[in-house]
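This report describes selected features of a protein model, from charged pairs to strand pairing. The sequence and the structure are shown first.

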Amino acid sequence: MGKKKNAVIIILLVLICIGIIVTVVFLSKNGDNTIKEGGSSELTKAPTEATTNPTTKATEEATQDSATAPTEAPTEAPTQAPTQAPTEQYDVIKHTNSDTFIMPDKYNTGAKGTLTESGLANMIGTIQFAAGNNGTANVLDFYYRNGDVEGEVVIENIDFSAYSTNLFNDAKVERNIKIIFNNCKFKSFAGNRTGLGSISFVFNNCSFVSFSGSNATFNKCSFAGSYSDGMNPFVNVFVNDCYIYDRSSADTAGAGKHTDGTQIYGYAGYDTKNISYKNCRFEMPAINMGENTAGINAPLMLQTEYSNGYNITFSDCTINGGGYSIYAHACKETSIDNILFKNIAVGGTMRFGVIYPDLDDNVVLDNIYGTKDLYVGSVWKDSNGTHISVSNDTLMDKMLAIYTDKGIFTKKIPACPLVDSATSFWEYPFDVDVVIPHDCKYVVCYDVTAGNNIKQLRFVNWTNGEVTISKTNKEKLASYSIYDANAALIEGNCGKNAKFSLSPDGVLTIFGSGDCENYHSGKLPPWQDYKAYINKIVVKEGVTRIGNQSFKGCKNLSEVVLPNGFLTIGARAFEGCSFITSITIPASVTEIANHAFNNVFLQKTIYLGTPEQWNQIVIGESNDRLVEAYEN
């Protein structure tokens, strides 16, 4: 019995040792946060209209979408130095301007959360509102009422949208009053048009249907939901990080009206001045209005009619839509001066062109360029996972890739509908809520549409450590592109002996010999459906002529390269290519036909021949800016 008892004890001890060894091995293999290969996750898409607040828990479940993540997750923890592959190369991910100037969207602008309804003619804080306009407006009056109000007054979390809000008797008030509205909602707000008086406003994270007035500052506000202009500023108006959108639909309620994002027209007897828009976004696509005779006019509309205008600046803004996207012209014997449009990204949904042709000469255009990539605005987390708000302002499908500590996720974002094909603002791929069903430590968003031109869009890091990406994962990002970097999007013939090829990065190369064909409304160029893709044209030596209307309306075209021996630019060849700011003309050119550079805002014409040779070129009508931009 003693021997049997000892044998049992020995067996038990052996089994215990084996259990300890197995446990240690298991923990050593699974005790870290490294993402192993073979993982896959689905992305989800929020409903068309936003119902969630980025800073609070989502109140509506997201629906499943067919887009899925790649079947392979990263092979290493991106935040750690390589341990298994010492030869692997790693790059530290850096923040960019897009992380400083965050794209305004419907999630990070406007009022959020539960608000208290104001009612009509109620006391709000220390201010007594009055009823005006036959009981349709809340009136702010500091002359006959509120005589003890002075200095700064803060009003928060109030919903004023049941009635219009009007300022009254403000020019009679001599004491300084600044009213700060935080997280409030308004219908229309009408203030002072003269700029006189001592009452000013600051609006932080407020929602408007529209605003008209002076002496106001706006931070992270939204303007949406009406056929009226989003804003009519007059004097001392400063707009920062704001979003103007959803200004029309195929609804006869707005029949006969037209809409601008901001319309600056002046007030009789008082100059319009000191107006600034910084890092603002205007989404106003030209949609099919049905029986409605209304229409989208321009996102940025500066048309002084009642007074002169000066010191007006739009900088670092994103605009998309309109008949023309930018309009700047003085009418009815008024004048404008010191007008600057700087660093303006323009989407492709305008009906006619980028810039209204009758642009005043003293308006400065500095770096106006076509949108090529996706936008990423808000990034936040809630109980559903990690959210990324992404928008596509272009006329081509785009691929979003999101690099995280949980893997790489992808989402195809569709192109904007063609002009007049959509009947509602909500049909556009704006502020799409892409949801990763994980609590990510960091996200790095990329536009990987073309594998040879990957662009970092947004980087958010919730850790204190640096984030790195390996060469392997960079190559993996490129593999998710829609277009093969080594294959042409389209190629073919464009003349008897001339051919063309369009690369995924938007370069159209024309090669061969002789003349290219002429095109017109009954015979469109072979790249007609790809005009939105073209950003550069390279004509190779041997080709002698670009045909009529070859690149008319190529809204993203910004660069043209012509070879030695080139002879002729056909009629309307580059008409409406507003982003071409400089052109180099070879000394061999003998003719530039009518309207070749019509509505092209050239700032520099470089001619490679002598002034005497330049004078010998036959230059047709409506090429004024080409001629004016030439310097001997």
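Does Glu575 count as buried or exposed? Glu575 counts as buried, at 10% relative accessibility; buried means under 20% relative accessible area, exposed over 50%, and partly exposed in between (1.4 Å probe, protein chains only).

## Basis of the model

This is a predicted model, in which local features need pLDDT of at least 70 and side-chain atom pairs count only at pLDDT 80 or more, while totals for chains, interfaces and linings use all residues. Residues are numbered from 1 along each chain as its sequence is written, and side-chain values use heavy atoms, with hydrogens and water left out.

## Salt bridges

Side chains of opposite charge can pair when their charged atoms come close. The structure holds 16 salt bridges, a salt bridge being a side-chain nitrogen of Lys or Arg within 4 Å of a carboxyl oxygen of Asp or Glu. One of them joins Lys552 to Glu575, at 3.7 Å from N to O. Lys552 lies in the loop between strand E44 (543-546) and strand E45 (559-561), and Glu575 in the loop between strand E46 (568-569) and strand E47 (582-585), so the pair ties together parts that are 23 residues apart in sequence. Strands (E, at least two residues) and helices (H or I, at least four) are DSSP runs, numbered from the N terminus. Lys552 is partly exposed, with 33% relative accessibility.

A salt bridge also connects Lys412 with Asp397 (3.7 Å, N to O). This pair links distant parts of the chain, 15 residues apart: Lys412 belongs to strand E34 (residues 407-413), whereas Asp397 is in the loop between strand E32 (385-391) and strand E33 (398-404). Lys412 is partly exposed at 44% relative accessibility, and Asp397 is partly exposed at 28%. In the salt bridge of Arg145 with Asp141, the closest N and O atoms are 3.0 Å apart. Arg145 is partly exposed, its relative accessible area being 37%, whereas Asp141 is buried at 0%. A network of salt bridges links Arg281, Glu283 and Asp431.

## A nonpolar surface patch

Tyr143, Tyr144 and Phe168 make up a nonpolar patch on the surface, with about 380 Å² of accessible area together. Patches consist of residues with over 30% relative accessible area and no salt bridge, like charges being joined within 9 Å and nonpolar side chains (Val, Leu, Ile, Met, Phe, Trp, Tyr) within 5 Å; accessible areas come from the Shrake-Rupley method with a 1.4 Å probe, and for residues only the protein chains shown count as cover. Tyr143 sits in the loop between strand E8 (137-141) and strand E9 (151-156), and is partly exposed, with a relative accessible area of 43%.

## Strand pairing

Strands of a sheet pair through backbone hydrogen bonds, either parallel or antiparallel. Two strands pair if DSSP finds at least two bridges between them. Strand E12 (residues 177-182) is mostly covered, five of its six residues being buried. E9 and E12 run parallel and are joined by six bridges; Gly151 has Ile177 of E12 as its bridge partner. Six bridges also join E12 to strand E14 (residues 199-204), again in parallel, and Phe181 is partnered by Phe203 in E14.

Five strands form an open sheet of mixed pairing, in the order E39-E40-E41-E43-E45. Strand E39 (490-493) and E45 stand at the edges with a single partner strand each, so one side of each is left without a neighbour in the sheet. Within this sheet, strand E40 (residues 498-502) and strand E41 (residues 507-512) pair in the antiparallel sense over five bridges, and Ala498 stands opposite Gly512 in E41.
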